[in-house]
Amino acid sequence: MPGPTHDPAPLPAEPEQPALFDWEDTVPPVHDDRRSYDSPAARRLLDIRAVYAEPAAAASPRGRQILAGLPGVPVTEVSSHWRIPSLHGNDGNVARWTRVKTETLVLGVKRTLATRPNGRSADWIAPGASNGCAMACAYCYVPRRKGYANPITLFTNIEAIVEHVRRHVRAQGPKREPNQCDPHAWVYDIGENGDCSVDDLLCDNTADLVAAFRSLPTAKASFATKFVNPALLDLDPRGRTRIRFSLMPADDSKLLDIRTSPVAERIAAAADFHDAGYEVHFNLSPVVLRQGWQRDWAELLGHLDDVLPARVKQQAAAEIIMLTHNQALHEVNLGWHPRAEDVLWQPEAQENKRSQNGAVNVRYTPGVKSGAIDRLTGIIASRAPWLRVRYAF
Ligand code: SF4
């Protein structure tokens with residue numbers, strides 16, 4: 001599946017925004033010391049042996065910082081992070097892509113800086129500081145444009161990304177109407193196409209974004225994660241970053257969430273992240289319908305109720321996201337992880353829907369989906385009544 005060779009068409013440049021009200025008006029310092037993080041979990045996930053880099057990315061301060069942390073690793077120049085034939089596309093990579101994800105890093109410059117409205121998980125989707133992931137969830141949509149072997153691409157122009165976000169936040173002014181994203185703050189998703197916790201093993205892009213939102217009193221960063229990275233506890237987010245731990249029953253996770261932190265570990269980390277200054281929410285996602293799913297979700301929610309302290313429950317909220325699958329991904333998965341398809345591919349309960357980019361997405365039929373959402377919200381009401389459901393999709 002060839003990917004596009006450039007980011008989507010650029011939007012008109014945003015005008016400079018005057019200060020709208022009285023807030024701290026200094027640009028927070030961009031971190032310039034890579035925090036080294038070395039744990040068995042990190043080493044299992046990443047053992048970088050090859051870097052592909054756009055020349056401008058390698059020469060940038062962030063690029064130099066990343067490469068300094070990878071002494072002796074060969075660097076191959078590429079003209080575009082979008083087009084690296086030996087990495088992207090699926091042909092020939094199916095058998096080796098967890099290796100590709102473990103051993104390869106791409107450095108690029110994000111050329112199009114655009115913030116898109118969302119309205120479900122967040123008010124806005126900020127331009128991400130990465131694309132691709134070292135984990136390998138069988139249902140992941142992130143690699144849809146580069147092919148499913150895509151390893152992490154880190155964007156090195158983090159100063160420009162942070163500045164873009166700051167300008168966008170300032171242009172909104174205060175949030176006047178509460179909504180389910182947040183009653184007071186504009187919420188910006190900063191990790192649409194990767195996992196910010198894992199990116200932090202390699203560079204300070206996540207740290208820089210957390211620092212930026214610390215000084216934006218009308219906004220909040222938000223990202224979903226399936227990896228517990230204790231180094232994030234040092235970032236002092238002061239309530240301006242929402243971390244969303246993704247949860248699913250342990251048996252589903254073992255089958256589908258390849259290379260991620262165990263679900264019990266994510267739950268066990270919630271109180272530490274809350275105490276470190278994060279808002280902690282949960283993504284109940286994806287909800288996969290299969291024999292016994294209601295029993296296993298009830299068990300998971302009961303476990304949440306048992307182990308989370310009251311201070312975490314008080315501020316928690318959840319998103320419910322039903323599985324969306326994809327015809328092309330189904331075919332790819334049959335080549336490396338066919339057991340996952342036993343639960344992901346349920347044609348009798350699913351229907352096809354062609355997405356804007358032409359891909360054939362596969363979703364539960366409306367009747368199946370709404371019945372399942374009703375049942376899951378009922379289970380939440382009985383097992384974890386403190387867990388406010390922000391939205392179900
Ligand atoms: S952790 Fe997220 S981005 Fe990474 S493979 Fe899983 S679903 Fe995709």
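How many of the nine residues of strand β11 are buried? Eight of them, so to speak of a mostly covered strand, residues 279-287. Buried here means 20 or more other C-beta atoms within 10 Å of the residue's own; 12 or fewer is exposed, in between is partly exposed, and C-beta atoms are placed from the backbone. Strands are DSSP runs of E, at least two residues; helices are H or I, at least four; both are numbered from the N terminus.

Some ground rules. This is a predicted model: local features need pLDDT of at least 70, side-chain atom pairs count only at pLDDT 80 or more, and totals for chains, interfaces and linings use all residues. Residue numbers start from 1 along each chain as its sequence is written.

Stay with β11. Strand β10, residues 241-247, pairs with β11 in the parallel sense over six bridges. Pairing takes at least two DSSP bridges between two strands. Phe245 has Phe282 of β11 as its bridge partner. β11 is also joined to β12, residues 317-322, by four bridges, again parallel. There, Phe282 is partnered by Ala318.

Now the core. A nonpolar core is a set of buried Ala, Val, Leu, Ile, Met, Phe, Trp, Tyr and Cys residues, joined through C-beta atoms within 7 Å. The largest one has 104 residues, and among those touching the most other members are Leu107, Tyr188, Leu247 and Val287. Helix α7, residues 205-214, gives the most to this core: six residues. Beyond its neighbours within four places in sequence, Tyr188 is in contact with residues including Trp124, Val165 and Ser222. Contact means C-beta atoms, placed from the backbone, within 7 Å.

Next, an open sheet of three strands, ordered β13-β15-β14, with antiparallel pairing. Three bridges link β13 to β15, residues 360-364. Thr324 sits opposite Arg363 of β15. Helix α12, residues 327-336, lies across β13 and β15, at about 70° to β13. Such angles run from 0 to 180 degrees between N-to-C directions, with axes fitted to C-alpha atoms, for helices over the stretch in contact.

Last, the ligand. Which residues are around it? Cys133, Met135, Ala136, Cys137, Cys140, Val142, Gly194, Asp195, Lys226 and Thr260. The cut-off is a C-beta atom, placed from the backbone, within 6 Å. By class, six are nonpolar, two polar and two charged.

Methods. Two residues are in contact if their C-beta atoms, placed from the backbone, lie within 7 Å. Ala, Val, Leu, Ile, Met, Phe, Trp, Tyr, Cys and Pro count as nonpolar, Asp, Glu, Lys and Arg as charged, and the others, Gly among them, as polar.
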